[in-house]
Amino acid sequence: MRYEIGIAGSGGQGVILMGVILTEAVASVDELFVALIQTFDPAVRGGRAASTLVISDEEIDYPGPLGFDLLLGLTQRGLDENIARLKRGSLAVIDAELVNEIVWDKILRIPFTRIARDDIGDERVANMTALGVLSELCEYLSPPAVRASISSRFKGKALDLNLSAFEEGLKYATEFRGSGIEKVEKEDMEI
Amino acid sequence: MTNAELLSGNEACVKGALAAGCTFFAGYPITPSSEIAHMMAYELPRRGGIFIQMEDEIASLGAVIGASLAGAKSVTATSGPGFSLMQEHIGFASIAEVPCVVISVMRGGPSTGVPTHPSQGDVMQARWGTHGDRPAVVLAPSSVAECFGLTIEAFNLAERYRTPVIVLTDEMIAHMREKVFLPSSDEIKLVERLKPAEPPEWFVPYRDPGTGVPPMPAFGEGYRYHVTGLCHDERGYPTTRADEVEPFVRRLFRKISQDFDKLQWSETYYTEDSTLNVVAFGSVARAALRAVRDARSKGMKVGLLKLLILFPFVRRKVTQLMESSTTILVPEINMGQISREVKRVNQGKCRIETLNKVAHEPMTPHEILEKIEEIYG
């Protein structure tokens with residue numbers, strides 16, 4: 001078994017942190033191996049940033065991406081540069097506000113940035129909302145493990161803020177699961 | 001699986017250094033090695049060790065050499081541009097025979113190049129970067145676990161041979177996080193430098209005890225001696241006498257070359273029946289292993305030799321592999337540095353193919369597999 005998650009965005013969105021949190025959550029499962037590769041441009045904000053997770057039940061030979069089973073696009077550029085690596089039939093999750101153009105047959109559009117800004121009150125935690133969605137969508141991620149990983153990184157108000165964004169994401173994904181992703185796909189088919 | 005940990009390559013280097021008993025770090029932060037300095041600054045003071053951020057890389061290695069002369073196992077970490085500055089003192093540590101470890105995380109070059117992307121462009125710098133003729137010891141981890149293990153071994157080799165040892169990683173390995181299972185401290189074998197058995201007044205600091213490695217007291221223990229970058233006699237004083245210089249320089253080589261047999265550190269995969277063999281190291285070895293597995297699943301008889309030590313070059317292992325190979329493929333993310341070593345030992349035994357990439361991006365299994373298919377025909 002080899003399962004790959006790609007997260008692509010730009011510097012400042014918390015893409016690297018998302019990778020680290022998910023990797024920690026997977027590493028806490030005894031029988032799973034995990035490797036995380038982070039790529040980023042030298043610019044702290046605005047440059048490219050991506051995290052690639054490889055999850056396996058055996059020792060990982062190549063830790064880099066061979067084909068994503070799940071891709072999260074947080075910017076148009078990030079999505080464009082990585083969509084070719086998404087395996088046929090796999091799901092692309094995109095930020096509905098930041099990514100406008102996508103040619104793919106299985107898409108989940110969620111306005112992470114808007115949710116974080118309007119519902120949580122801080123745009124910076126959009127990445128935590130996205131983590132909530134990923135934790136629900138990927139079978140190798142358990143929401144309690146991801147929650148624990150987030151909790152170990154923040155304290156006080158920051159923790160509350162990040163956790164509430166995470167829970168909001170979880171809720172969203174659960175609702176989508178309930179409504180059936182199939183339905184969402186059809187509506188989202190566009191060229 | 002209680003000892004499972006999630007670490008980056010840089011963090012594993014720090015853990016390895018601490019497990020080896022390192023108590024001193026002096027350095028100047030540089031991407032992609034900065035996390036090593038960062039973590040050392042946190043870990044060393046709380047263990048009674050010393051961390052110093054120096055004014056530059058020249059001074060950094062100078063401080064490391066000084067600390068080692070005072071008895072501390074010492075390390076520094078840098079990347080390409082800083083590694084260039086350290087070359088001066090790598091030569092000094094070689095001639096003064098001061099054990100120390102330099103961790104160099106390769107990034108795209110030359111000059112400031114591409115700071116946040118991997119490369120293998122500093123292999124020959126690690127071998128020949130300092131001036132003068134001297135043996136080099138260079139280790140090359142290809143995983144987070146190997147960053148830990150080989151950093152410990154780097155200290156062991158430095159202590160055993162009284163020589164600087166270089167741990168050459170790359171940005172991909174350094175920043176990559178992997179779940180690893182580290183050995184407990186009682187499973188780790190450590191080597192300590194030999195101390196003189198005689199009293200200070202009888203002490204002759206650079207006399208060859210037969211092993212090629214003179215015992216080394218720490219400054220402050222009562223033994224007085226002179227440390228210099230000039231060629232020196234047994235007492236440590238500068239000399240130009242041919243009958244003293246010649247055996248001295250030869251001893252620097254002999255202390256390591258006499259152990260070539262023990263230093264063939266490498267791993268083979270699927271080489272029992274392979275005729276096309278890949279020789280790779282560092283992050284490229286990871287892609288190569290995957291490519292070899294993919295080629296095997298397509299019925300091609302392909303194997304892999306992964307180098308864990310680059311210098312002294314694992315001549316015996318490579319020669320042995322050549323006996324059963326028709327072709328050797330050397331993929332590298334440089335224009336061909338280790339492939340030169342492979343060609344040097346080849347002597348017409350087989351065909352050597354190279355695969356080079358200088359986009360300062362990781363080599364992918366797909367690229368290696370394509371080349372394998374092209375060779376295989």
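These legends describe close-up views of a predicted model. Residues are numbered from 1 along each chain as its sequence is written, with chains lettered from A and ligands numbered from 1 in the order in which they are written. Local features need pLDDT of at least 70 and side-chain atom pairs count only at pLDDT 80 or more, while totals for chains, interfaces and linings use all residues.

**View 1. The fold of chain A.** Chain A has 7 helices and 6 strands; helices (H or I, at least four residues) and strands (E, at least two) are DSSP runs, numbered from the N terminus. Starting at the N terminus, the order of elements in chain A is β-α-β-β-β-α-β-β-α-α-α-α-α. The radius of gyration of chain A, 15 Å, is close to the 16 Å that the globule rule gives for 191 residues, so chain A is as compact as a globular protein of that length. The radius is taken over C-alpha atoms, and the rule is 2.2 Å times the number of residues to the power 0.38.

View 2. Two residues are in contact if their C-beta atoms, placed from the backbone, lie within 7 Å. Where pLDDT is low, the predicted coordinates should not be read in detail.

**View 3. The side of chain A that touches chain B.** In this interface, 19 residues of chain A are in contact with 19 residues of chain B. Both α1 (15-27) and β2 (33-40) of chain A supply at least two residues each to this side, and β2(A) gives the most, with 7 residues. The residues of this side of chain A comprise 12 nonpolar, 3 polar and 4 charged; Ala, Val, Leu, Ile, Met, Phe, Trp, Tyr, Cys and Pro count as nonpolar, Asp, Glu, Lys and Arg as charged, and the others, Gly among them, as polar.

**View 4. Strand pairing between the chains.** β2(A) and β9 (residues 177-181) of chain B run antiparallel and are joined by 2 bridges; two strands pair if DSSP finds at least two bridges between them. Leu36(A) has Arg177(B) as its bridge partner in β9(B).

**View 5. The two domains of chain B.** The domain assignment gives domain 1 (4-187) and domain 2 (269-376) of chain B, with bounds from an automatic or database assignment. Their centres, taken over C-alpha atoms, are separated by 26 Å. The contact takes 25 residues from domain 1 of chain B and 21 residues from domain 2 of chain B.
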